[in-house]
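Q: I am new to this structure and would like a close look at a single part of it. Please keep the account plain.

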Amino acid sequence: IFDLVKDRFGYGDENLVREYIRHPGAVAIVAVNGDGLIAVIDQYRHPMRKRMWEIPAGLLDVPGEAPLDAARRELAEKTDLVAQEWTKLLTLDNSPGGSAETLHVYLATGVRPAGQRFDRQEEEADMAIGWASLDTILDAILASRVSNPSLLTGVLGYAAWLERHRP
């Protein structure tokens with residue numbers, strides 16, 4: 001999924017060494033259905049030793065695949081859903097002091113079943129997929145009941161986007 005690298009480089013009058021994670025990047029999707037509910041996933045995350053509520057997301061691990069195409073693929077693979085409309089919400093450099101991961105977050109609307117079920121393995125095999133209102137998720141964020149960075153970034157970005165795009 002990633003490589004640990006060590007770079008030696010000149011910066012100003014100094015020679016520096018920095019170790020960091022080289023990461024292919026990722027996408028995350030705020031998928032909203034016709035009732036205004038957001039697709040959420042409950043998935044086990046071993047480094048945290050717990051299940052976490054997330055939005056659909058995945059790696060940019062297909063050579064040459066554009067982030068939007070990866071978002072479409074990941075939405076289908078994680079939730080068996082497709083979306084009619086796609087909007088880029090934001091881009092996040094997750095941890096620029098230690099990782100080169102860039103996260104591309106999309107809003108997917110006009111969400112409907114994909115018509116096929118994807119086979120899921122390992123920690124994805126028992127993911128729970130559900131729907132929650134924006135207010136429910138915002139309350140959970142502000143009460144620190146959810147902490148996944150893709151969910152926080154995506155849902156807060158979506159809330160800001162709605163403020164600017166409501167009639």
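Which residue in S11 is the bridge partner of Ala39?

A: The bridge partner of Ala39 in S11 is Trp131. The model is a predicted one, in which local features need pLDDT of at least 70, side-chain atom pairs count only at pLDDT 80 or more, and totals for chains, interfaces and linings use all residues. Residues are numbered from 1 along each chain as its sequence is written, and side-chain values use heavy atoms, with hydrogens and water left out.

S4 and S11 run antiparallel and are joined by five bridges. Here strands (E, at least two residues) and helices (H or I, at least four) are DSSP runs, numbered from the N terminus, and two strands pair if DSSP finds at least two bridges between them. The pair belongs to an open sheet of three strands, ordered S5-S4-S11, with antiparallel pairing. Strand S5 (50-54) and S11 each have a single partner strand and stand at the edges, so one side of each has no neighbour in the sheet. From one strand to the next, the twist averages 30 degrees; axes are lines fitted to C-alpha atoms, for helices over the stretch in contact, and angles run from 0 to 180 degrees between N-to-C directions.

In H2 (residues 134-142), the buried residues are Leu134, Ile137, Leu138, Ala140 and Ile141. Seen down the axis of H2, they fall within an arc of 160 degrees, so they line one face of the helix; the arc is that of the directions from the helix axis to the C-beta atoms. Asp135 and Leu142, on the other side of H2, are exposed. Buried means under 20% relative accessible area, exposed over 50%, and partly exposed in between (1.4 Å probe, protein chains only). Just after H2, Ser144 has a positive phi of about 60 degrees.

S8 pairs with strand S9 (residues 102-109) in the antiparallel sense over eight bridges, and Val105 in S9 is the bridge partner of Leu90.
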